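Please open the model in your viewer and keep the sequence panel beside it, as the stops below are given as selections.

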Amino acid sequence: MRKFKAYAIPFVGLKEGEHRFDYKIDNAFFELFDFQEFNSSEVSVDIEFTKKANMLELEFYFTGHVNVNCDVTLEPYNQDIDNRLSLVVKFGDAFNDDNEELLILQHGEHEVEVQQYIYEGVILGLPAKRIHPGVEDGSIQSDILEKLQELEPKSISEEEKKEEDTDPRWDKLKELLNE
């Protein structure tokens, strides 16, 4: 039995027109792809499936969130996902999925598998750099950030800097100039 059977849409028995398919995606879905970067995930995928005489049109709508670790602080947070993906399915002599917006199925196929498009839609809905919202507004409380602030170099006052900058040997020579 195929592991992605639940994500195959049989279109042979459907009438021409618009149909809707809904999927709830969680970590079990991503485990099928051996993808383990999410702590948890709750994503709704709504598919508007339009069957026409010689082609199929699919509109994917992704909403929800995934719990990921911040790239700066490693603190977990919920990253919202709001994405959209379009796919046109046509029929030809050979299977071809080279174009991300066009899928060509062989004549005689009776279903279209959408798991790869769901996976890509969720992944592409994430920002390249995942930053906790508390980092940007300064409200995050993190052990890592506290340790970094503790180890941050202290600022030196102007007098300490002057004392540190002058060499006592030069001070003696400066005294000779003043005489």
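Predicted model: local features only at pLDDT ≥ 70, side-chain atom pairs only at ≥ 80, totals over all residues.

Residues are numbered from 1 along each chain as its sequence is written, and side-chain values use heavy atoms, with hydrogens and water left out.

Begin by selecting Asp-26, Glu-31, Asp-34 and Glu-42, which gather in a surface patch of negative charge (patch residues have over 30% relative accessible area and no salt bridge, with like charges joined within 9 Å and nonpolar side chains within 5 Å; a salt bridge is a side-chain nitrogen of Lys or Arg within 4 Å of a carboxyl oxygen of Asp or Glu). Of these, Glu-42 is found in strand E3, residues 40–51, and counts as exposed because its relative accessibility is 55% (exposed means over 50%, buried under 20%, and partly exposed in between, with a 1.4 Å probe and protein chains only).

Stay in strand E3 and select Ser-41, which is buried at a relative accessible area of 6%; its side chain joins that of Asn-27 in a polar contact of 2.8 Å (a pair of N or O atoms within 3.5 Å, where within protein one must be able to donate a hydrogen and the other to accept it, and residues adjacent in sequence count only if both atoms are side-chain atoms).

Next, select Arg-130, in the loop between helix H2 (115–124) and helix H3 (133–137). Arg-130 is buried, at 15%, and its side chain makes a polar contact of 3.2 Å with the side chain of Glu-37.

Notes. Areas by Shrake-Rupley, 256 points an atom, 1.4 Å probe, with all protein chains shown as cover. Lys, Arg positive; Asp, Glu negative; His and termini not counted. Charge placed at Lys NZ, Arg CZ, Asp CG, Glu CD. Helix = DSSP H or I, 4+ residues; strand = E, 2+ residues; numbered from the N terminus.
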